[in-house]
Amino acid sequence: KENLARIEPALKKLYAQSGRFPKTGKELIEELKEAGIDYPSLRDGWGMPYRAVFRERVIYLVSNGPDKIPDSKDDYAAAEIHLP
């Protein structure tokens with residue numbers, strides 16, 4: 001979770017400086033790379049990468065949970081990032 005905690009401040013700083021906020025997974029990876037965060041390398045407690053789900057003005061970083069299957073009952077949002 002410590003690494004996830006760095007994501008929201010990095011994105012808000014980017015938004016304050018440039019007015020940009022990622023709208024796709026590719027943009028999220030690129031924006032975080034600029035901030036020195038290797039998003040694809042971040043893993044949940046089961047060693048799986050987080051999925052980014054974009055809904056209106058919120059990005060959810062979602063864990064597949066212990067069954068490691070996306071879109072199943074045990075999925076949970078490990079972080080919510082609200083557009084400023």
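This is a predicted model: local features need pLDDT of at least 70, side-chain atom pairs count only at pLDDT 80 or more; totals for chains, interfaces and linings use all residues.
1. **The core.** Start with the nonpolar residues. The largest nonpolar core has 16 residues. Those with the most contacts inside it are Ile 7, Leu 11, Leu 32, Tyr 39 and Leu 61. As a general point, nonpolar side chains in soluble globular proteins tend to be buried together.

2. **Ile 7.** Set aside its neighbours within four places in sequence. Ile 7 is then in contact with Leu 32, Ile 37, Tyr 39, Leu 42, Leu 61 and Ile 81. Of these partners, Leu 32, Tyr 39 and Leu 61 are also listed among the residues with the most contacts inside the core.

3. **H2 against H3.** Two packed helices are described by the angle between their axes and the distance between the axes. Here the axes of H2 and H3 come within 10 Å and cross at roughly 90°. An angle of 65 to 115 degrees counts as roughly perpendicular, so H2 and H3 are roughly perpendicular to each other. From H2, the contact uses Ile 7, Ala 10, Leu 11 and Leu 14. From H3, it uses Leu 28, Glu 31, Leu 32 and Glu 34. The residues of this contact divide into six nonpolar, no polar and two charged.

4. **Tyr 15 and Phe 21.** The model has two aromatic pairs. One of them joins Tyr 15 and Phe 21, edge-to-face. Their rings are 6.2 Å apart, centre to centre, with 85° between the planes. Tyr 15 is at 29% relative accessibility and counts as partly exposed. Phe 21 has a relative accessible area of 8%, so it is buried.

5. **Trp 46 and Tyr 76.** These residues also form an aromatic pair, again edge-to-face. The ring centres are 6.3 Å apart and the planes are at 75°. Trp 46 lies in the loop between H3 and strand S1 (51-55), and Tyr 76 lies in strand S3, so the pair ties together parts that are 30 residues apart in sequence. Trp 46 is partly exposed, with a relative accessible area of 35%. Tyr 76, at 33% relative accessibility, is partly exposed too.

6. **Gly 65.** Now turn to the loop between S2 and S3, where Gly 65 is found. Gly 65 is at 0% relative accessibility, so it counts as buried. Beyond its neighbours within four places in sequence, Gly 65 is in contact with Asp 44, Trp 46, Asp 74, Asp 75 and Tyr 76. Both members of the Trp 46 and Tyr 76 pair are therefore among its contacts. Phe 21 is elsewhere: Gly 65 and Phe 21 are 27 Å apart, C-alpha to C-alpha, and 44 residues apart in sequence.

7. Most residues other than glycine have a negative phi. Lys 68 lies in the loop between S2 and S3, and its phi is positive, near 60°. Asp 71 lies in the loop between S2 and S3 as well. Asp 71 has a positive phi of about 60° although it is not a glycine. Lys 68 is partly exposed, with a relative accessible area of 40%. Asp 71 is exposed, at 70%.

How values were computed
Residues are numbered from 1 along each chain as its sequence is written. Side-chain values use heavy atoms; hydrogens and water are left out. A nonpolar core is a set of buried Ala, Val, Leu, Ile, Met, Phe, Trp, Tyr and Cys residues joined through side-chain atoms within 4.5 Å. Buried means under 20% relative accessible area, exposed over 50%, partly exposed in between (1.4 Å probe, protein chains only). Contact means heavy atoms within 4.5 Å. Helices (H or I, at least four residues) and strands (E, at least two) are DSSP runs, numbered from the N terminus. Rings of Phe, Tyr and Trp (its six-membered ring) pair if their centres lie within 6.5 Å; planes under 30 degrees apart count as stacked, over 60 as edge-to-face and the rest as tilted. Axes are lines fitted to C-alpha atoms, for helices over the stretch in contact, and angles run from 0 to 180 degrees between N-to-C directions. Angles under 35 degrees count as roughly parallel, over 145 as roughly antiparallel, 65 to 115 as roughly perpendicular and the rest as oblique. Ala, Val, Leu, Ile, Met, Phe, Trp, Tyr, Cys and Pro count as nonpolar, Asp, Glu, Lys and Arg as charged, and the others, Gly among them, as polar.
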